[in-house]
Amino acid sequence: RQGREQQWARFARAAVAAVQETWRQAAGQRREVLVEKWAKRGELMQSRTRDHKTVLIPGDETMIGRYVTVELTGTTGSTFTGALVTGEYRCPWPDD
């Protein structure tokens, strides 16, 4: 029984390490994100990439519902941090 538990523990550690490495490699990439709401921590906004990854960025409530381009600057493991590439952002629907 102990051998099986050790195998699972090794597997879990390897899986976590692979995910963390993939996320570290994403640092420096530019992504378009949709700003959703204020983040739970600090004065950051929570946004999501098109593949549903969470990115915390500086901003304010006027950005909610808009798309912005960010550069991924780091990760906490399950969440990215990012910086705005430009101060411009666009509305997801055409203006009337």
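**Ground rules**

I number residues from 1 along each chain as its sequence is written, and my side-chain values use heavy atoms, with hydrogens and water left out. Since the model is predicted, local features need pLDDT of at least 70 and side-chain atom pairs count only at pLDDT 80 or more, while totals for chains, interfaces and linings use all residues.

**Entry 1**

I began with the overall strand order. Strands here are DSSP runs (E, at least two residues), numbered from the N terminus. I found a closed barrel of five strands running β1-β2-β3-β5-β4, with mixed pairing. From one strand to the next, the twist averages 50 degrees; the axes behind that angle are lines fitted to C-alpha atoms, and angles run from 0 to 180 degrees between N-to-C directions.

**Entry 2: who pairs with whom**

A reminder to myself: strands of a sheet pair through backbone hydrogen bonds, either parallel or antiparallel. I call two strands paired if DSSP finds at least two bridges between them.

I looked at β2 (residues 44-49) and found that this strand pairs with β3 in the antiparallel sense over five bridges. Across that pairing, Met45 stands opposite Ile57 in β3. The two strands make a hairpin with four residues between them. In the turn, His52 has a positive phi of about 70 degrees.

Next I checked β5 (residues 80-84), which pairs with β3 in the parallel sense over two bridges. Val55 has Phe80 of β5 as its bridge partner.

Then β1 and β4: they run antiparallel and are joined by five bridges. There I noted Leu34 opposite Tyr67 in β4.

**Entry 3: is β3 buried or exposed?**

I asked how many of the five residues of β3 are buried. Buried means under 20% relative accessible area, exposed over 50%, and partly exposed in between, with a 1.4 Å probe and protein chains only. Four of the five residues of β3 (residues 54-58) are buried, so the strand is largely enclosed by the rest of the structure.

**Entry 4: salt bridges**

Side chains of opposite charge can pair when their charged atoms come close. My cut-off for a salt bridge is a side-chain nitrogen of Lys or Arg within 4 Å of a carboxyl oxygen of Asp or Glu. I get five of them in the structure.

One is Arg30 with Glu71, whose closest N and O atoms are 3.8 Å apart. Arg30 sits in β1 (residues 30-38) and Glu71 in β4 (residues 67-75), so this pair ties together parts that are 41 residues apart in sequence. Arg30 is exposed at 55% relative accessible area, and Glu71 is partly exposed at 30%.

Another joins Arg50 and Glu32, at 2.6 Å from N to O. Arg50 is in the loop between β2 and β3 and Glu32 in β1, so the parts tied together are 18 residues apart in sequence. I have Arg50 as exposed, at 56%, and Glu32 as partly exposed, at 25%.

I also looked up Arg48 and Glu36, with closest N and O atoms 3.3 Å apart. Arg48 lies in β2 and Glu36 in β1, so here the linked parts are twelve residues apart in sequence. Arg48 counts as partly exposed at 29%, and Glu36 is partly exposed too, at 31%.
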